Amino acid sequence: MKKILVTGGTGYIGSHTVVEIQKSGFEPLIIDNLSNSDPGVVDLIGRITGQRPLFEQIDLCDLPAMQDFFKRHHDLEGVIHFAAHKSVGESVKHPLKYYHNNLGGLFHLLQCMLTHKTARIVFSSSCTVYGQPDQLPVTENAPVQQAESPYGNTKRISEEIIHDTAKASHLKAISLRYFNPIGAHESGLIGELPIGVPDNLIPFITQTAIGKREKLMVFGNDYNTPDGTCIRDYIHVSDLARAHVVALQRMTGEDSKQSHEIFNLGTGRGYSVLEAIRTFEQVSGVELNREFAGRRPGDIEQVWADTTLANLKLGWKAEKGLEEMMASAWKWEQNLATGIMNK
Ligand code: WQD
């Protein structure tokens with residue numbers, strides 16, 4: 001089978017993508033330094049697909065270990081690159097940690113790919129590169145703005161590094177700009193595993209509903225939006241995962257003429273924080289203890305995707321609605337409470 005390296009494959013989006021890769025007949029090889037994920041995810045992926053994927057604990061910043069891996073797996077069909085630190089707040093406090101890890105890891109990965117002529121890379125980028133767009137929905141032609149955080153800056157710089165490297169070599173690349181990935185696999189066996197207090201809205205909602213958190217703070221209700229709270233384009237993580245396989249197939253099928261293509265991955269529909277909360281309450285039957293707080297520094301007011309390009313060129317469209325996203329997130333949180341990760 002065609003082998004696909006998945007860096008960061010034990011992480012939230014990585015693990016869901018490994019499931020979709022196995023379903024599509026590719027053989028995923030996971031490397032991950034486990035800095036923000038649990039190795040137990042590998043067995044749970046095996047329970048979902050019936051095939052436990054290969055996993056090696058490797059840090060992309062460890063160049064000798066990366067070179068050794070590529071020597072042992074020099075026939076890779078492609079790479080899906082997730083491995084990176086991803087906390088907006090932490091990146092503001094520790095910028096060098098983010099620049100070193102996210103960019104240093106990418107340097108090593110690309111060097112190894114060029115040495116071993118691995119021809120394709122799908123890169124995990126983010127709508128954060130748009131900042132607060134002037135026009136909505138935001139298209140891939142929208143200007144990339146000065147990032148609100150070092151995390152966002154590493155995504156912008158990584159896209160540029162990949163762009164220039166692909167232009168100067170045999171490499172074909174697709175950068176996927178995620179909007180807000182949420183939810184969990186329908187099996188309830190894998191999902192988001194925030195370490196410590198969650199930064200993101202949905203895990204904070206589900207942890208409040210299950211009783212792990214006392215109260216949900218809604219950061220700001222004085223924005224220039226219909227109900228005063230921020231608007232985001234939430235997309236089910238399984239829809240997002242499927243897009244990575246489609247992007248790979250586009251490159252293996254040689255359909256993409258350009259050396260580097262960029263696609264928005266969203267649903268094309270924005271929901272406010274209050275709408276997200278209400279949808280969760282309707283779906284779960286749990287009323288959330290919440291109150292309004294001040295705005296969170298760095299938050300943009302509203303963003304949602306123009307998905308025309310991905311629909312047209314990838315033939316991909318998000319299928320799951322907000323209710324299903326919330327139901328899957330709630331099922332996962334309840335499974336976590338039964339100790340699914342400790343079995
Ligand atoms: C969504 C909305 C908050 C928590 C970030 C990154 C993005 C990606 C996803 C990594 C905002 C509000 C949140 C809470 C709240 N990261 N909120 N109370 O900031 O849109 O995107 O995470 O891939 O790149 O930028 O997501 O879920 O943190 O926030 O009111 O306890 O929910 O203010 O308006 P965000 P989020």
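Is Asp222 buried or exposed, going by its relative accessibility? At 51% relative accessibility, Asp222 counts as exposed, because the cut-off for that label is over 50%. Bear in mind that this is a predicted model. Here's a quick run through its salt bridges, 17 in the whole structure, and its second largest pocket, with a volume of about 220 Å³.

**Asp222 and its partner**
- Asp222 forms a salt bridge with Arg295, with the closest N and O atoms 2.8 Å apart.
- That pair links distant parts of the chain, 73 residues apart: Arg295 sits in the loop between strand E13 (290–293) and H10, and Asp222 in the loop between strand E8 (216–219) and strand E9 (231–232).
- Arg295 is partly exposed, at 46% relative accessibility.

**Other salt bridges**
- Arg72 and Glu56 pair up through their side chains at 2.7 Å, N to O.
- This pair also links distant parts of the chain, with Arg72 in helix H3 (residues 63–72) and Glu56 in strand E3 (residues 54–57), 16 residues apart.
- Both ends count as partly exposed: Arg72 at 39% and Glu56 at 23%.
- Shared partners tie Glu56, Asp68 and Arg72 into one salt-bridge network.
- Arg52 bridges to Asp43, with 2.5 Å between the closest N and O atoms; Arg52 is partly exposed at 47%, and Asp43 is partly exposed at 42%.

**The second largest pocket**
- Its lining has 16 residues, and Glu140, Arg177, His260, Glu261 and Ile262 lie nearest the centre.
- Helix H6 (150–167), strand E11 (260–265) and helix H10 (308–314) each supply at least two lining residues.

Terms used:
Residues are numbered from 1 along each chain as its sequence is written. This is a predicted model: local features need pLDDT of at least 70, side-chain atom pairs count only at pLDDT 80 or more; totals for chains, interfaces and linings use all residues. Side-chain values use heavy atoms; hydrogens and water are left out. On a 1 Å grid over the protein atoms alone, a cavity is a set of points where a 1.4 Å probe fits but cannot get out, and a pocket is an open set with protein on both sides within 12 Å along at least five of seven lines; lining residues have an atom within 4 Å of a point. Grid points are joined across faces, edges and corners, and a volume is the space filled by probe spheres set on the points. Helices (H or I, at least four residues) and strands (E, at least two) are DSSP runs, numbered from the N terminus. A salt bridge is a side-chain nitrogen of Lys or Arg within 4 Å of a carboxyl oxygen of Asp or Glu. Buried means under 20% relative accessible area, exposed over 50%, partly exposed in between (1.4 Å probe, protein chains only).
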